[in-house]
Amino acid sequence: MALVPRLLSRSRQIRWRGQISSDLLYAGQIILQHDHVMAVRSFAKEASPSNLPPLKGDEILKNIFYEVKNKYETAFGVLRKEKITIDPDDLAAVSQYAKVIKTIREKADLLSESQKIKYIIDQQTQDIPDARTYLLTLQEIRIKNGLTDDLGAEALMMKALEKVEKEIKKSLLRSDKKNMALLLAEFDNINKKLGIRKEDLPKYEEQLELKIAKEDLEGLKKDALEAMEIQLKREEFKDEEMVDVKSLDIRNFI
């Protein structure tokens, strides 16, 4: 069944397009402080304690296999209980499906979209010493993941950096706490100008989850219609009529 791999492969490109995510903006600012990097879980295991022998290659592969297997079984367990209506145009159906995704994510210990954004930024910027290279890397991350900066946040952030560097007459290092505080204060002003509030981040993430749920249901609907069309072309089904995908119960196919 294609649904479970789709749910478990959220490491694909971030799919919120249209404007730069406020999660990306705030995650970037948090990590930019360097001493307050947010810890985010990932599939990668932490290094073994020094008092334990290192894992061999086959042991690592076995652990990964069992981890993925457990996640699949957890996802199937949720899907066997939850009713999903394949109707991307019904807000109630989209909301219900988003709740199912969230349940699977929590039970299978998967990352949310905003956690992935934070994790990507952390991994790709943790060794960058200066603020300018950091902001340029943040821009590369945005472009690579298909996000557009319709708000013009990047230009404003770079302008703020230039203002601070002009004032201190040197390049701004992330380890320079005093002058980094000046930059972060400028970023706070940018957030206010753009109407982005940190307390609204849960709302933004909920909107993102609903958008993803709608896209997933659209994909499921497309797959179901294509499968039925192929089936109806077979001689033994030529007199059958195509059913409404909304009447399908995914639990019957697991």
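Author: Rings of Phe, Tyr and Trp count as a pair if their centres lie within 6.5 Å, and planes over 60 degrees apart make such a pair edge-to-face. The structure discussed here is a predicted model.

Reader: How many aromatic pairs does the structure hold?

Author: The term pair applies to rings whose centres lie within 6.5 Å. By that criterion, the number of aromatic pairs in the structure is one.

Reader: Which kind of aromatic pair do Phe65 and Tyr66 form?

Author: The two ring centres of Phe65 and Tyr66 are 5.4 Å apart, with 70° between the planes. Planes over 60 degrees apart count as edge-to-face. The pair formed by Phe65 and Tyr66 is therefore edge-to-face.

Reader: Which helix contains Leu61, a member of a nonpolar surface patch?

Author: The patch covers about 350 Å² and is made by Ile60, Leu61, Ile64 and Val68. Leu61 counts as exposed because its relative accessibility is 59%. Leu61 lies within residues 57-79, which form helix 3.

Reader: What pattern does the chain follow when read along the sequence?

Author: The chain has nine helices and zero strands. Read along the sequence, the pattern is α-α-α-α-α-α-α-α-α.

Reader: What distance does helix 5 reach from its first C-alpha to its last?

Author: Helix 5 spans residues 113-125 and has 13 residues. The expected span is 1.5 Å times one less than the number of residues, and for helix 5 the expected value is 18 Å. The reach in the model is close to that expectation, at 18 Å.

Reader: How many residues apart in sequence are Glu165 and Arg132, whose side chains meet in a salt bridge?

Author: The bridge has an N to O distance of 2.7 Å. Glu165 is buried, with a relative accessible area of 13%, whereas Arg132 is partly exposed at 29%. Glu165 lies in helix 7 and Arg132 in helix 6, so the bridge ties together parts whose separation in sequence is 33 residues.

Reader: What part of a helix separates Glu226 and Lys222?

Author: The side chains of Glu226 and Lys222 meet in a salt bridge, 2.7 Å from N to O. An α-helix has 3.6 residues a turn, so residues three or four places apart point the same way. Glu226 and Lys222 are four residues apart in helix 9, and therefore their separation is about one helical turn.

Reader: Is Asp249 buried or exposed?

Author: The side chain of Asp249 meets that of Arg251 in a salt bridge of 2.8 Å, N to O. Arg251 is partly exposed, at 30% relative accessibility. The relative accessible area of Asp249 is 15%, and values under 20% mean that a residue is buried; Asp249 is therefore buried.

Reader: Where is Lys169, a residue with a positive phi?

Author: Lys169 has a phi of about 60° although it is not a glycine. Its relative accessible area is 73%, so Lys169 is exposed. Lys169 is placed in the loop between helix 7 and helix 8.

Key: Residues are numbered from 1 along each chain as its sequence is written. This is a predicted model: local features need pLDDT of at least 70, side-chain atom pairs count only at pLDDT 80 or more; totals for chains, interfaces and linings use all residues. Side-chain values use heavy atoms; hydrogens and water are left out. Patches are made of residues with over 30% relative accessible area and no salt bridge: like charges are joined within 9 Å, nonpolar side chains (Val, Leu, Ile, Met, Phe, Trp, Tyr) within 5 Å. Accessible areas come from the Shrake-Rupley method with a 1.4 Å probe; for residues, only the protein chains shown count as cover. A salt bridge is a side-chain nitrogen of Lys or Arg within 4 Å of a carboxyl oxygen of Asp or Glu. Helices (H or I, at least four residues) and strands (E, at least two) are DSSP runs, numbered from the N terminus. Buried means under 20% relative accessible area, exposed over 50%, partly exposed in between (1.4 Å probe, protein chains only). Rings of Phe, Tyr and Trp (its six-membered ring) pair if their centres lie within 6.5 Å; planes under 30 degrees apart count as stacked, over 60 as edge-to-face and the rest as tilted.
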